[in-house]
Amino acid sequence: MPQLDAIVCEPQGQATHSIIWLHGLGADGHDFASLVPQLNLSPGHGLRFIFPHAPEIPVTANSGYIMRAWYDILELSVERRINREHLGEAVQQVWEWIEHEVQRGIPTSNIILAGFSQGGAVAYQAALSYPQSLCGLLAISTYIADYEGLRFHQANRDLPILVQHGNLDPVVLTAMGQKAFDHLSNEGYQLIWQHYPTEHYLCDEQVSAIALWLRERTGL
């Protein structure tokens, strides 16, 4: 089992796909677990949702306050100075969750990574560098935390990526999300960009778009 605890929402029947969804700074797995019913998936869908809890660590940019975080943020600048070692550890934790799902019978080609804000930054690093093909990547109100350390693996060069961002986001500026989108587009990735008139949270229109994308990716 991966070291991190998580909330796991099982489908009514047998799971055929898994989505590992990472929360943002200071939140926990409960933050998005409540979203599952809002997706209005078909009753017989086979999608297992996994919402890991980040570890509790001191966050330098928040006066050293101990909170759930995937990595330490050293400075809340536009570029976000971070602890790269922590980011690497978070990526390894996500990979352990992927391997755990494989051991439970879910092939990597049926596993989706998703993340919001800081969790999305981890999802970017974990998915794009993973050495086996994944089903998709959902990046919400997020950014690439370590451009220099980002390693692209050929196995996920064709990974379907949905990027969503709020035009009014004061926490992760739209420009940060756009920069990540442009960087990956220039690297040859095929991404979908969706923006919404919202701040640092999901609106109903976003949730509907996520549900549609999940159905398209999984066929459920």
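Guide: Happy to! This is a predicted model. Let's begin with the second largest pocket, which is lined by Leu 4, Pro 55, Ile 57, Ala 69, Trp 70, His 86, Glu 89, Ala 90, Gln 92, Gln 93 and Glu 96.

Visitor: Which helix gives the most to that lining?

Guide: That would be helix 2, residues 84-103, with 6 residues.

Visitor: And how much space lies in the second largest pocket?

Guide: About 160 Å³. By class, its lining divides into 6 nonpolar, 3 polar and 2 charged residues.

Visitor: OK, what volume does the largest pocket have?

Guide: The largest pocket has about 220 Å³. It is lined by 18 residues, and the closest to its centre are Leu 25, Ile 73, Ser 117, Val 171 and His 200.

Visitor: How do the residues of that lining divide into nonpolar, polar and charged?

Guide: There are 11 nonpolar residues, 5 polar and 2 charged in the lining of the largest pocket.

Visitor: Switching to cavities: how many of 30 Å³ or more does a search of the whole structure find?

Guide: The search finds 1. The space in the largest cavity is about 40 Å³.

Visitor: Which residues line the largest cavity?

Guide: Leu 41, His 45, Leu 47, Leu 214, Arg 215, Thr 218 and Leu 220 do. In terms of class, that makes 4 nonpolar, 2 polar and 1 charged.

Visitor: Which helix gives the most there?

Guide: For the largest cavity, helix 5 (residues 204-218) gives the most to the lining, with 3 residues.

Note on methods. Residues are numbered from 1 along each chain as its sequence is written. This is a predicted model: local features need pLDDT of at least 70, side-chain atom pairs count only at pLDDT 80 or more; totals for chains, interfaces and linings use all residues. Side-chain values use heavy atoms; hydrogens and water are left out. On a 1 Å grid over the protein atoms alone, a cavity is a set of points where a 1.4 Å probe fits but cannot get out, and a pocket is an open set with protein on both sides within 12 Å along at least five of seven lines; lining residues have an atom within 4 Å of a point. Grid points are joined across faces, edges and corners, and a volume is the space filled by probe spheres set on the points. Helices (H or I, at least four residues) and strands (E, at least two) are DSSP runs, numbered from the N terminus. Ala, Val, Leu, Ile, Met, Phe, Trp, Tyr, Cys and Pro count as nonpolar, Asp, Glu, Lys and Arg as charged, and the others, Gly among them, as polar.
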